[in-house]
Amino acid sequence: MNGNENSLAGIWKDWRLHAIVLGIVIVTELIGTFKIPVGPGVILLLPMLYALVIGLGLFFTPVVKEKQSKNAEPLIVLGVALLLAKIGVIIGPSLPEVIAAGPALLLQELGNLGTILIALPVAIWLGLKREAVGMTHSIGREPNVGLIMDKFGINSPEGRGVMAMYIFGTVFGAVFLGLISGLLATLTPLSPLSFAMASGVGSGSMMAAASGSLIAAFPELESQIVAFSGASNLLSLSTGLWVSIFIGLPLTEKIYARMTRNKEGY
C-alpha cells in the first residue's frame, strides 16, 4: 500500500511531466482549429489532434524520459474519468432523445464486426498468420485485449496481434476518427447524430476526438452530439466484450480457418 502511495505521490511531484503537458496544451490552443475544405465537406484539425502528434514526437526526444511516459499512464485514466463524468451529466437532459434512438444504439455494436469482414481478408492477403485473428476480431481495446490474453496468452500470435492493434489504435485511432468524422459528417447527407453514435467505439480518446470534430462542425448540436456519442460509447464498453466472445471471435476463427484451409492444411 505504501508503495502505491509513494508511486502516486511521485506522479503528482513530477514537475517535468506537468510542464510538458501544460506546454503542449498552450501550444495547441494557440494553434486553434483549422478547417480544410474538401469538395462540399471539410477536414477539421483540432487541438487534440495536434497534442497527440506533438506528444508522440516528444516521446522520441530527450525532453520526455521513461519516467514521464510511465507517470503519464495513470493520469490518462483520470482524464477519461472526468470526461465520462461530464458525459453523464449531459446525457441526463437528453435521455428522451437517446431512448428514442434505442434500436440504432443497441444494434450499432454489430457495426464493429466490419473489422472482421473487411480487415481479416486483407490481413491474410498480406501474409499474416494467427496474428490476424487477434488483430481483426474487434477494434482491439482493453476488454478485447483481456479476452485474447485469457484465451490464447500474451506470448501467442493472437496476443501479439491484438497488442499491435491496441498500440496502433492508441496512437493513431483518435487522429483518424477525429479527421474522418468531421469530413464525412459535412460531406454526406447523413445526420451528424448518426456519426455521433458511430464515434462510440469503446475508446474514450477516440470518442472525444470524433465528437470534438462533429461539435466544431455543428456547434448548435453540441449537447445532442455529446449525449449520443457518450451513450454509444457506454453501450460499446458494456456489450462489446459479449459480442466479441459470442460472435466476433468465433466468426473470426471460422473465416480464418476457411480462408487458410489450403495453406495450412485445414
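The end C-alpha atoms of residues 110-128 lie 25 Å apart, and this span is 63% helix and 0% strand, where helices (H or I, at least four residues) and strands (E, at least two) are DSSP runs numbered from the N terminus. For residues 17-36 the end C-alpha atoms lie 32 Å apart, with 75% helix and 15% strand. Both spans are among those that the unreviewed UniProt entry records as "transmembrane region"; such annotations may be inferred rather than shown by experiment, and their feature names are shortened and their positions given in the numbering used here.

The model is predicted, so local features need pLDDT of at least 70 and side-chain atom pairs count only at pLDDT 80 or more, whereas totals for chains, interfaces and linings use all residues. Residues are numbered from 1 along each chain as its sequence is written, and side-chain values use heavy atoms, with hydrogens and water left out.

A search of the whole structure finds three salt bridges, each defined as a side-chain nitrogen of Lys or Arg within 4 Å of a carboxyl oxygen of Asp or Glu.

| Salt bridge | N to O distance |
|---|---|
| E158 and R130 | 2.6 Å |
| R130 and E253 | 2.9 Å |
| E131 and R160 | 3.6 Å |

R130, E158 and E253 are linked in a network of salt bridges. E158 and R130 are both buried, while E253 is partly exposed, with a relative accessible area of 22%; buried means under 20% relative accessible area, exposed over 50%, and partly exposed in between (1.4 Å probe, protein chains only). Because R130 lies in the loop between α7 and α8 and E253 in helix α13, their pair ties together parts that are 123 residues apart in sequence.

Helix α13 (residues 222-259) also supplies the largest share, four residues, of a nonpolar patch. This surface patch of about 620 Å² is made by L107, L110, W242, I245, F246 and I247.

S229 lies in helix α13 as well, and S229 is buried, with a relative accessible area of 1%. The side chain of S229 reaches the backbone oxygen of I225 at 2.8 Å and that of V226 at 3.2 Å. Leaving aside neighbours within four places in sequence, S229 is in contact (heavy atoms within 4.5 Å) with A196, S199, G200, M207 and S211.

Q68, in helix α4 (residues 66-91), is buried with a relative accessible area of 5%. Not counting residues up to four places away in sequence, Q68 touches D14, R16 and L17.

Notes
Patches are made of residues with over 30% relative accessible area and no salt bridge: like charges are joined within 9 Å, nonpolar side chains (Val, Leu, Ile, Met, Phe, Trp, Tyr) within 5 Å. Accessible areas come from the Shrake-Rupley method with a 1.4 Å probe; for residues, only the protein chains shown count as cover. A polar contact is a pair of N or O atoms within 3.5 Å; within protein, one must be able to donate a hydrogen and the other to accept it, and residues adjacent in sequence count only if both atoms are side-chain atoms.
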